[in-house]
Each structure stands twice: as C-alpha cells, then as structure tokens.
Amino acid sequence: MSRTIEQIGLTMLRWGSKRPVLLQRPPSWTVQYLSPLPADKPPINVAPIGLAGIWLMRRANPLSYVNSNGSAIKVTLP
C-alpha cells in the first residue's frame with residue numbers, strides 16, 4: 001500500500017513541476033543503515049499539487065528524501 005502512495009506522490013510531483021524529476025532507489029541492503037532525515041524546505045517553483053505529492057511521499061515512507069538543488073528534482077525512495 002505504501003509503494004502505491006509513493007507512486008501517486010511521485011506522479012503528483014511530476015505534474016506540479018516543470019523541472020525533470022529523477023527517481024533514485026538505493027540498494028535494499030543499505031536501507032538498514034538509513035535513518036529518517038528532517039524534511040527540507042519544499043522547492044520554490046513547485047505547484048501546490050507537487051507539494052501535496054511531496055507530503056504523500058514523506059507520509060508513506062519516512063526515509064524518502066527530496067533534493068531540489070541543481071536543474072532537476074531528485075527523489076530518493078529506499
């Protein structure tokens with residue numbers, strides 16, 4: 001169920017941003033060493049539907065991380 005919510009949130013983020021959204025999935029063996037990071041400030045140039053998508057991803061997977069530095073928005077979903 002949480003993977004479905006993550007995918008919905010990712011789709012909403014892609015709809016709400018004109019920048020490319022890249023998905024990164026680390027290897028499964030590294031997940032055991034990760035700890036949740038505090039939520040960053042949301043990207044400035046994202047529509048409200050994209051912000052709702054970021055919120056959904058963070059609720060479905062606390063280990064998810066959204067990095068908006070550079071020309072693309074990078075989403076890490078372990």
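Visitor: Which residues does L37 touch, not counting residues up to four places away in sequence?

Guide: Contact means heavy atoms within 4.5 Å. In this predicted model, where residues are numbered from 1 along each chain as its sequence is written, L37 touches R58 and Y65, with residues up to four places away in sequence not counted. Local features need pLDDT of at least 70, side-chain atom pairs count only at pLDDT 80 or more, totals for chains, interfaces and linings use all residues, and side-chain values use heavy atoms, with hydrogens and water left out.

Visitor: How is the pair of α1 and α2 to be read?

Guide: Two packed helices are described by the angle between their axes and the distance between the axes. Axes are lines fitted to C-alpha atoms, for helices over the stretch in contact, and angles run from 0 to 180 degrees between N-to-C directions. Here the axes of α1 and α2 come within 7 Å and cross at roughly 160°. Therefore α1 is roughly antiparallel to α2, a term for angles over 145 degrees.

Visitor: Which residues of α1 and α2 make the contact?

Guide: Among them are I5, L10 and L13 of α1 and I54 and M57 of α2.

Visitor: Which residues make up the largest nonpolar core?

Guide: In soluble globular proteins, nonpolar side chains tend to be buried together. A nonpolar core is a set of buried Ala, Val, Leu, Ile, Met, Phe, Trp, Tyr and Cys residues joined through side-chain atoms within 4.5 Å. The largest one has 10 residues in all: L10, L13, V21, V46, I54, M57, V66, I73, V75 and L77. At least two residues of this core come from each of α1 (2–15), α2 and β3 (73–76). Leaving out residues up to four places away in sequence, L13 touches V21, V46, G50, G53, I54, M57, I73 and V75.

Visitor: Is S17 buried or exposed?

Guide: S17, in the loop between α1 and β1, is buried, with a relative accessible area of 9%. S17 touches V46 and I73, residues up to four places away in sequence not being counted.

Definitions and conventions. Buried < 20%, exposed > 50% of the residue type's maximum accessible area, 1.4 Å probe, protein only. Helix = DSSP H or I, 4+ residues; strand = E, 2+ residues; numbered from the N terminus. Parallel < 35°, antiparallel > 145°, perpendicular 65-115°, else oblique.
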